[in-house]
Amino acid sequence: MGDLFKKLSLKRTTLHAENILEDEDSALYYCSNKDILHNVIKPNLEMDVFKCPFPINSLGAPMGFIYSTANDLCKYLSSYMCEHPFMSQAMIDRMYEPVWRFANESGYALGWGTRQKESHIIIEHGGGFSGVSAYVCMVPSERIGVVVVSNHDETPSQKICNAVLDTLLKHFD
């Protein structure tokens, strides 16, 4: 992964939590469910938001847990849609091909959700954990990508991502 991060100039993307903990420009994390927390800190008594510990999941790390920024994730999505992608177009097309299809024209490909909306194929992926929520989606045929990251686990990242994408796609219909 490190070589890919370097090749794509993802300077603030890492698999190592300690790199983020040392970064003075990292965000604090918040959640609304105090039952999952041991040391509850409520930064604002008027709100039902609690300061959440830094999200680390060593058991879940092999499945994901890549620490990144919105800017780096935009570079990553762009790398799939640029004139010279970081891997062959045949390999990318294969990654987008669903290995499992659902009844509503959506499916699951190699690490990506896929769905069709009108004439557009949408490729998407999301994730979350206590204190974080993220969603990315792209329409490679139109070279459109959207990234939503949040330091609050109840942010409706997928809804926001889809709303932005819908707005952008209106210019192509």
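Strand 7 (residues 132–139) and strand 8 run antiparallel and are joined by seven bridges, where strands are said to pair if DSSP finds at least two bridges between them. Helices (H or I, at least four residues) and strands (E, at least two) are DSSP runs, numbered from the N terminus. This is a predicted model, in which local features need pLDDT of at least 70 and side-chain atom pairs count only at pLDDT 80 or more, while totals for chains, interfaces and linings use all residues. Residues are numbered from 1 along each chain as its sequence is written, and side-chain values use heavy atoms, with hydrogens and water left out.

- Within the pairing of strand 7 with strand 8, Cys 137 has Val 146 of strand 8 as its bridge partner.
- Four residues separate strand 7 from strand 8 in their hairpin, and Arg 143 in the turn has a positive phi of about 55 degrees.
- Strand 8 (residues 144–150) is largely enclosed by the rest of the structure, because five of its seven residues are buried; buried means under 20% relative accessible area, exposed over 50%, and partly exposed in between (1.4 Å probe, protein chains only).
- Strand 6 and strand 7 are also antiparallel, with seven bridges between them, and Phe 129 is partnered with Val 132 of strand 7.
- The hairpin of strand 6 and strand 7 has two residues between the strands, and here Gly 131 takes a positive phi near 95 degrees.
- Strand 5 pairs with strand 6 (residues 120–129) in the antiparallel sense over five bridges, and the bridge partner of Gln 116 in strand 6 is Ile 121.
- The hairpin of strand 5 and strand 6 likewise has two residues between the strands, with Glu 118 taking a positive phi near 55 degrees.

**Aromatic pairs**

- A search of the whole structure finds ten aromatic pairs, for which rings of Phe, Tyr and Trp (its six-membered ring) must have their centres within 6.5 Å, with planes under 30 degrees apart counted as stacked, over 60 as edge-to-face and the rest as tilted.
- One of these pairs joins Tyr 80 and Tyr 96, whose ring centres are 6.1 Å apart and whose planes stand at 35 degrees, so the pair is tilted.
- This pair links distant parts of the chain, with Tyr 80 in helix 3 (residues 70–81) and Tyr 96 in helix 4 (residues 89–96), 16 residues apart.
- Tyr 80 counts as buried at 3% relative accessibility, and Tyr 96 is buried as well, with a relative accessible area of 12%.
- Tyr 80 also pairs with Trp 112, and because the ring centres are 5.6 Å apart and the planes at 90 degrees, this pair is edge-to-face.
- Since Tyr 80 lies in helix 3 and Trp 112 in the loop between strand 4 (106–108) and strand 5 (113–117), their pair ties together parts that are 32 residues apart in sequence.
- Both Tyr 80 and Trp 112 are buried.
- Elsewhere, ring pairs connect Tyr 29, Phe 54, Phe 65, Tyr 67 and Phe 129 into a cluster.

**Salt bridges**

- The structure holds six salt bridges, each defined as a side-chain nitrogen of Lys or Arg within 4 Å of a carboxyl oxygen of Asp or Glu.
- One of them brings together the side chains of Arg 12 and Asp 25 (3.7 Å, N to O).
- Arg 12 is partly exposed, with a relative accessible area of 33%, whereas Asp 25 is exposed, at 56%.
- Arg 12 and Asp 25 also belong, together with Asp 23, to a network of salt bridges.
- Arg 101 and Glu 97 meet through their side chains in a salt bridge of 2.9 Å, N to O; Arg 101 is exposed, with a relative accessible area of 57%, and Glu 97 is partly exposed, at 43%.
- A salt bridge also joins the side chains of Arg 115 and Glu 124 (2.9 Å, N to O), and here Glu 124 is buried, with a relative accessible area of 8%.

**Surroundings of Thr 14**

- Thr 14 lies in the loop between helix 1 and helix 2 and is buried, with a relative accessible area of 8%.
- The side chain of Thr 14 makes a polar contact with the side chain of Asn 19 (3.0 Å), a polar contact being a pair of N or O atoms within 3.5 Å; within protein, one must be able to donate a hydrogen and the other to accept it, and residues adjacent in sequence count only if both atoms are side-chain atoms.
- A polar atom of the Thr 14 side chain lies 3.0 Å from the backbone nitrogen of His 16.
- Leaving aside neighbours within four places in sequence, Thr 14 is in contact (heavy atoms within 4.5 Å) with Phe 5, Asn 19, Ile 20, Phe 65, Ile 66 and Tyr 67.
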